[in-house]
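Trainee: Could we go through this structure together? I would like to start with how its parts are named.

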Amino acid sequence: MKAGTAACGGASPPSSKPTAATPPPATGDGVALTQPAPTAALPIPTDATAPADLMARGFVASPARLITDAAAFANTVMPGMGAQLSPDLLLAMIGPALGTQPLAGLDASRPVALAVLDPGAYPQPMLLAAGVTDRAAFDAAMDGGPSTVRAIHFAGGVVVIGPDAALTAGAGWLAAQVAAPPTGAPTAPTLTVHLDQVWARHGDRVREAMRGAGQAAMLDKLTSEITTSMVDGLLNTRELVVTLDVGATEASATATVRAAPDSGVARFAAAQHP
């Protein structure tokens, strides 16, 4: 069984950048996993910080409400289609998405939070936190899954699921997002991609890939310069926020891109709203 808990210590920045071959040291909330893990739930950290390698985060305030709204919309599109949707089905799908068994015993009325760390440093970069209503059912569902994915239980019926290295980096911080969502937490399902973090670590690869694609396509000088300018503009974006809005009669997704204040992208956007 991989459900368990961990020991918390003070935050200590890593001495070197984590790599796929070397599990990273404790960072952010300073959670250090123990093996075998005790069964008592950890207290929710009060001073946990986001992992340094956080690339993206997702938040669903209430899976139950999301499914209710999605079912109503589905029935508008095709009567009876909504009956195929259920909160338990949505939560059960979390396990396979994380590389483990379908899950049970999760609380569809409480928030679900997702964190994606740098895949260049973490071979399995995803963490997920949720509420638990039936720990015995949850632990039974986790039992028999791959040993690379574990569950860390926290006080207040919160669990964080993921591989050891990612749990070490951000379990406490992610648990706090579910236990007490911060002021201003989105009410609609939201995915935030921290593009500044992505470009800081992988921007050179993006430039090289685009340059290589241009050369392979034998672009003329003007087209090549335009492509280079577009890539530079892309690398000056800081954040992408995608919000899902589902109602009984319509559903929509809104994407918001935030750019560096002094970038060409920001100046172009400002010119559209004089």
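Mentor: Helices and strands here are DSSP runs, numbered from the N terminus; a helix needs at least four residues and a strand at least two. Under that naming, L234 lies in helix α7, which covers residues 221-234. Please keep in mind that this is a predicted model.

Trainee: Is L234 buried or partly exposed?

Mentor: L234 counts as partly exposed because its relative accessibility is 41%, and the band for that term runs between 20% and 50%. Its C-alpha atom is 10.0 Å from that of V257, a residue 23 positions away in sequence.

Trainee: Let us turn to pockets. How much space lies in the largest pocket?

Mentor: The largest pocket holds about 370 Å³ of space. Its lining consists of 18 residues, and V60, L90, I94, V112 and L128 are the ones nearest the centre.

Trainee: Now the charged pairs. How many salt bridges does a search of the whole structure find?

Mentor: The search finds 5 salt bridges. One of them joins D139 to R135, with the closest N and O atoms 3.2 Å apart. Both D139 and R135 belong to helix α4 (residues 135-142), where they are 4 residues apart, about one turn of the helix.

Trainee: Why do D139 and R135 fall into their accessibility classes?

Mentor: D139 counts as buried because its relative accessibility is 11%. R135, at 29%, counts as partly exposed.

Trainee: Which parts of the chain does the salt bridge between R150 and D164 link?

Mentor: The side chains of R150 and D164 meet at 3.0 Å, N to O. This pair links distant parts of the chain, with R150 in strand β7 (residues 150-154) and D164 in helix α5 (residues 164-179), 14 residues apart. R150 is buried, with a relative accessible area of 7%, whereas D164 is partly exposed at 32%.

Trainee: And E239 with R258?

Mentor: The side chains of E239 and R258 form a salt bridge of 2.5 Å, N to O. E239 counts as buried at 18% relative accessibility, and R258 is partly exposed with a relative accessible area of 42%.

Trainee: Which residues are linked in a network of salt bridges?

Mentor: D53, D118 and R201 are linked in such a network.

Trainee: What about the nonpolar interior? Which residues of the largest nonpolar core touch the most other members?

Mentor: That core has 23 residues, and A115, L117, L127, F154, V160, L167 and L174 touch the most other members. At least two residues of this core come from each of β4, β5, β6, β7, β8 (158-162) and α5. Helix α5 gives the largest share, 8 residues. Another core, of 16 residues, lies apart from it and includes L103, L106, L128 and V159. As background, nonpolar side chains tend to be buried together in soluble globular proteins.

Trainee: Helix α5 also holds V178, I think. Is V178 buried or exposed?

Mentor: V178 is in helix α5. V178 counts as buried because its relative accessibility is 2%. The C-alpha atoms of V178 and V60 are separated by 9.7 Å, although the two residues are 118 apart along the chain.

Trainee: One last point: where is A248 found?

Mentor: A248 is in the loop between β10 and β11, and A248 is partly exposed, with a relative accessible area of 42%. From A248 to V77 the C-alpha distance is 9.6 Å, while their separation in sequence is 171 residues.

Notes
Residues are numbered from 1 along each chain as its sequence is written. This is a predicted model: local features need pLDDT of at least 70, side-chain atom pairs count only at pLDDT 80 or more; totals for chains, interfaces and linings use all residues. Side-chain values use heavy atoms; hydrogens and water are left out. On a 1 Å grid over the protein atoms alone, a cavity is a set of points where a 1.4 Å probe fits but cannot get out, and a pocket is an open set with protein on both sides within 12 Å along at least five of seven lines; lining residues have an atom within 4 Å of a point. Grid points are joined across faces, edges and corners, and a volume is the space filled by probe spheres set on the points. A salt bridge is a side-chain nitrogen of Lys or Arg within 4 Å of a carboxyl oxygen of Asp or Glu. Buried means under 20% relative accessible area, exposed over 50%, partly exposed in between (1.4 Å probe, protein chains only). A nonpolar core is a set of buried Ala, Val, Leu, Ile, Met, Phe, Trp, Tyr and Cys residues joined through side-chain atoms within 4.5 Å.
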